[in-house]
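Hi,

Here is the model I promised to pass on.

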Amino acid sequence: MSATTHTDRLSLSCLDDLPRGLFIAGKWSAADDHRQLVSLRPSTAETLTTVAHAGVTDVARSVAAAGAAGRPGSRWHRMSPAARSRMLHRIGDLILENADRLALLDCLDNGKPLRVARAGDVPAAAAVFHYMAGWPGRLNGENASIYTGSPERHLALTVPEPVGVVAAIIPWNFPLYMAAAKVAPALAAGCTVVLKPAEQTPLSALALAQLAQEAGLPPGVLNVLTGDAATGAALAAHPGVDKVTFTGSTEVGRSIVRGAAVDFRRVTLELGGKSPNIVFGDADLRQAIDGAAHAIFYNQGETCVAGSRLYVQRQVFDEVVAGIRERAAAIRIGDGLDRDTEMGPLISAEHRTRVLSYLDSARADGARVTGGQVPDSPGFFCTPAVVTDADPQAPVVREEVFGPVLVAQPFDTVQEAVALANDSPYGLAAGVFTRDLGLAHQVGRRLRAGTVWINSWHVLDPALPFGGMRGSGWGREMGKAGVDAFLETKTLINDLGNRSWGPTPASK
């Protein structure tokens, strides 16, 4: 741990011109009841700033603004695909132009290392907008053939239309990137959005609203509500919302589905994960050790695709686990503003307590736990942990910890590895390390996961669909599938009437 007092003073200047209110209909305002929400800095456990705390009436105002901005005849509705593309691309450009400030905001608000936010989160968010900027002009319908009628009499067309008002509710682990992942495809499809960032990390969403305004996005097309879980629940349940897109816990996802069932509104859910990583005996073990450590310890393990279950072929199990333990012990933990920091704090004291409870339970059940200690320093820090000899039914093995906790278990056969990997209520991601690419693809096809990495981990791209199976959610984000999720397909059938092949009366 190292002091960064001088850097702190310089870095906090990134808050100077950041609005702390709600962004509704292109204007900044306080919450109707003037409540405020405190945002803590995880590295110090101190108050970073306060923002407006949206309530039910603020939700209604934002949904009404989004509805008005997207109705027929509005500026957004009349905007050409080319103009919409230019606007999306401009937002991506502005993200890159403001990269240092945006990275600082996420570092201070979330705790992640500044260099990780600057090299990863911010460019990735810009890439989403740049990629999605290519879609507005490619959203074409079809000239559909009539199967039972007369093709000479009936002209049938399909037309893609925006689903309408989108409630986008995002988590705290990748604040700026997750905002981009929800907002950009929705705007590319022509929808309007009410964005609700996590209560722990509201700041970069407010900055994104500033950039969208600077890019010329019409008022009401993007609205940002800062608030707590009750704010998100009110937004998801509002009758003026046509679609909910949510990333977060499986438990909250279930509640959103139950609410959406009332009026059959559309839902996309990217939920939890307990992703298995399989290392075969023929793998490049240095690559596998580094890859497995990266899979679980990246972003403090606070990622839904974290490779938290490691299955290693028995003949190399001890070597691989020892290598990961060595790598975990060497990770430099500290304030994200310190350039040498590799792992920042967890998001909150409550979350750290939750993570530690899994390790305490594992120890009590006889598992071997290395790491998982709390440094004697301010902030919500926790050292990375490796767990072996755990009961396969233990909570640390079955449940999403969402922290830097790896559970390792040996296997003997391919069939056993696949069975262990699929023995989970989740199905978001998985990985395979082997030199045999034929084996890798055979195993990859048998794994119940939306994304399978081979000899790698955490490789994502805005052109590739992303999402899970089973308890990990519904639908896909990114790629064409991610844009289609915000579209409705309308069929138009035109009866041209009976026509003779002779001259028309007007031509005689």
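A side-chain polar atom of Glu416 sits 2.7 Å from the backbone nitrogen of Asp412, a polar contact in the sense of an N or O pair within 3.5 Å, where within protein one atom must be able to donate a hydrogen and the other to accept it, and residues adjacent in sequence count only if both atoms are side-chain atoms. Glu416 belongs to helix H15 (residues 414–422); helices (H or I, at least four residues) and strands (E, at least two) are DSSP runs numbered from the N terminus. Setting aside neighbours within four places in sequence, Glu416 also contacts Pro410 and Phe411, contact being heavy atoms within 4.5 Å. Glu416 is partly exposed because its relative accessibility is 28%; the scheme is buried under 20%, exposed over 50%, partly exposed in between (1.4 Å probe, protein chains only).

This is a predicted model, so local features need pLDDT of at least 70 and side-chain atom pairs 80 or more, while totals for chains, interfaces and linings use all residues. Residues are numbered from 1 along each chain as its sequence is written, and side-chain values use heavy atoms, without hydrogens and water.

Now Glu270: UniProt, in an unreviewed entry, puts an "active site" there. Its positions follow the numbering used here, feature names are shortened, and annotations may be inferred rather than shown by experiment. Glu270 is in strand E11 (residues 266–270) and counts as buried because its relative accessible area is 3%. Beyond four places in sequence, its contacts include Cys304, Phe466 and Glu477.

Lastly, helix H7 (residues 175–188) has 14 of its 14 residues buried, and Gly190, with a positive phi near 95°, follows H7.

Cheers
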